[in-house]
Amino acid sequence: MAMGLFAFILYATWATFQNSHYYAAPYLSPFYSPCVSANCTYQTAPLVGSWWKVSPALAVVWIPLGFRTSCYYFRRVYYRSFWLSPPACAVADARPRYSGESRLPLILNNVHRYFFYLAFALAIVDSWDAVAAFDFSGHFGIGLGSLIMLTDAVLLWSYTLGCHSCRHLVGGRLKLLSAHRIRYRLWKGSSVLNRHHGLFGWTSLGWVGFTDLYVRLVSTGVITDPRWVLH
Amino acid sequence: MRSADTGTQTVRLRIWRGDSQAGRFVEYSVPFNDGEVVLDVVHRVQATLAPDLAVRWNCKAGKCGSCSAEIDGRPRLMCMTRMSLFDRDSPLTIAPLKTFPAERDLVTDVGFNYAVAGRVPPLAPRQTEPGEHHRIWDADIERVQEFHRCIECFLCQDVCHVLRDHESNKNKFVGPRHLVRLAELEMHPIDTADRRATARHDLGISYCNITRCCTEVCPAGIAITDNAIIPMKERVADRFFDPLRLLAAKLRSRPDSGPAK
């Protein structure tokens, strides 16, 4: 797990600072979506002016970073792998003193729900990108990239809607679920996804990296995107 | 090692022998049969080789939670751990629960758990009208019923590194078993108490860093972390760490400027 997380962090950092080859029409890399600065190759929304000189990915990448860093599942991963607190079950902690999440900086993990709100908005944007990936200059088409983008959106939704904060906010916080039938159903649905939260966490993480890599390879001309377009 | 004609195998056990002062591992070699569990083999040691071996047990069916021990370093119930799990030639290590003081051999003093149990405020049922009975719907009680499966074996308490590796935390953190009890009461449909401040200040829920070891060792299969501790952490976040919700609560509690409509 530690190796997987470390490998993703390395790739994501490299991809974020590349500031090139993140768009291959009609595919936009999820690391750069939504692309909101004026220096974007493909601008999703003009929210940031030309004063933004660095990679446009930096304007949004903090959202998924914060969401996953404060995620209850990934907290387990890095507490075990990097904090060594504990390195494994029934294996002694690496440090003699321990205060858990009762003090700074780890107490900040309690803001997870705010990152959930932002990640929810980001998942909507990613869904829009997935839909746009079927639009080939005004014609409907299906490319391998379209399917990769669609899978990316589905995995991101599965991860986001199974989030523990989401499960709490949609219904888990209620004492009487029977008095709120819709919220009860939402809570049940979120609970189903929540049971596989780790699986969706890893698959969505890996797929985001893979989607970026695919867009990058198509953009640089290393591979050609196989596609069928309806004219 | 298996005997080809009888099906009987021999296992080497390294059992911790000692008391609250000192102890060491003593090796025993005993036969065991297919289908037996670790407790059967420990009883055979007691019956044939070490009649003074102290071991706590009761139901032998995974329901009483008495025979908790650390088997090859993993907290388990001896009565629910099949010998076939350990099909190998190296000795099997059986030790008492590390988190609690040793009494004698495999018996530990788990009194800490009973001492801190009282820190969880009890059920505060909603008052009923004369002749009225509480009616509880499935939707409201189903999530609580999972917690009723707890057999108080204290394996979760034993494996929790907050208690296991940091003795000084025992007066700040009550451990996963009692956070399950907290969730059970807090989610109960007829309960009226608000235990969120207690959870943070008296029970030390912030000390849990959700590494899920308690869930991994629970013999009752309770999703302790996902269904009890994290929902309670979220409720504590509602009360203490959500500025928008705090603001809304403050506005709601502002006295009315005019007559009630």
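This is a predicted model: local features need pLDDT of at least 70, side-chain atom pairs count only at pLDDT 80 or more; totals for chains, interfaces and linings use all residues.
# A tour of chains A and B

The structure holds 23 aromatic pairs over all chains.

**Stop 1: helix α1 of chain A**

Select A:Y11 and A:W14. Their rings form a tilted aromatic pair, with 5.8 Å from centre to centre and 45° between the planes. Both residues belong to helix α1 (residues 2-18) of chain A, where they are 3 residues apart, about one turn of the helix. A:W14 is partly exposed, its relative accessible area being 43%.

Next, select A:W51 and A:W52. Here the ring centres are 5.7 Å apart and the planes stand at 70°, so this pair is edge-to-face. Which of the two is buried, and which is exposed? A:W51 counts as exposed, at 60% relative accessibility, while A:W52, at 18%, counts as buried. The cut-off for buried is under 20% relative accessible area.

**Stop 2: an aromatic cluster in chain A**

Select A:F67, A:Y73, A:F74, A:Y159 and A:W202 together; these residues form one aromatic cluster.

**Stop 3: the interface of chain A and chain B**

Colour the two chains separately and show the residues in contact. How many residues does each chain bring to the contact? Chain A gives 42 residues and chain B gives 45 residues. The size of an interface is often given as the accessible area lost when the parts come together. For chain A and chain B, the area buried between them is about 3,600 Å², and 48% of it is on carbon and sulfur atoms. Highlight A:Y72, A:Y98 and A:K175: they supply 21% of the area that chain A buries against chain B, more than any other three residues.

The rule finds 33 residue pairs in polar contact between chain A and chain B, both residues being at pLDDT 80 or more. On the chain A side, α3 (72-81), α4 (112-132), α6 (164-172) and α7 (181-194) each supply at least two of the residues that touch chain B. By class, the residues on this side of chain A divide into 18 nonpolar, 11 polar and 13 charged.

**Stop 4: salt bridges between the chains**

Across this interface the rule finds 9 salt bridges. One of the pairs to select is A:R173 with B:D238, whose closest N and O atoms are 3.3 Å apart. Then widen the selection to A:R113, A:R173, B:E234, B:D238, B:D242 and B:R245, which are linked in a network of salt bridges.

Move on to A:K175, one of the three residues highlighted at the previous stop. A:K175 forms a salt bridge with B:D191, and the closest N and O atoms are 3.1 Å apart. This pair crosses between chains: B:D191 sits in the loop between α6 (176-186) and α7 (196-201) of chain B, and A:K175 in the loop between α6 and α7 of chain A. B:D191 counts as buried, at 5% relative accessibility.

**Stop 5**

Over all chains, a search of the whole structure finds 31 salt bridges.

Select B:R17 and B:D52. Their side chains meet in a salt bridge, at 3.2 Å from N to O. What does this pair tie together? B:R17 lies in strand β1 (residues 9-18) of chain B and B:D52 in the loop between α1 (38-48) and β3 (68-71) of chain B, so the bridge joins parts that are 35 residues apart in sequence. B:R17 is buried, with a relative accessible area of 14%, whereas B:D52 is partly exposed, at 43%.

Then select B:E36 and B:R44, whose side chains meet in a salt bridge at 2.7 Å, N to O. B:E36 counts as buried, at 13% relative accessibility, and B:R44 is partly exposed, with a relative accessible area of 23%.

**Stop 6: B:R164**

End on B:R164, which is placed in helix α5 (residues 161-164) of chain B. Is B:R164 buried or exposed? B:R164 is buried, with a relative accessible area of 10%. Show its surroundings: leaving out residues up to four places away in sequence, B:R164 touches A:A90, B:E70, B:K98, B:T99, B:D158 and B:V159. With B:D158 there is a polar approach to display: the backbone oxygen of B:D158 lies 3.2 Å from a polar atom of the side chain of B:R164.

Definitions and conventions. Residues are numbered from 1 along each chain as its sequence is written. Chains are lettered from A and ligands numbered from 1 in the order in which they are written. Side-chain values use heavy atoms; hydrogens and water are left out. Contact means heavy atoms within 4.5 Å. Buried area is the accessible area (1.4 Å probe) that two parts lose on being put together, summed over both. A salt bridge is a side-chain nitrogen of Lys or Arg within 4 Å of a carboxyl oxygen of Asp or Glu. A polar contact is a pair of N or O atoms within 3.5 Å; within protein, one must be able to donate a hydrogen and the other to accept it, and residues adjacent in sequence count only if both atoms are side-chain atoms. Helices (H or I, at least four residues) and strands (E, at least two) are DSSP runs, numbered from the N terminus. Ala, Val, Leu, Ile, Met, Phe, Trp, Tyr, Cys and Pro count as nonpolar, Asp, Glu, Lys and Arg as charged, and the others, Gly among them, as polar. Rings of Phe, Tyr and Trp (its six-membered ring) pair if their centres lie within 6.5 Å; planes under 30 degrees apart count as stacked, over 60 as edge-to-face and the rest as tilted. Buried means under 20% relative accessible area, exposed over 50%, partly exposed in between (1.4 Å probe, protein chains only).
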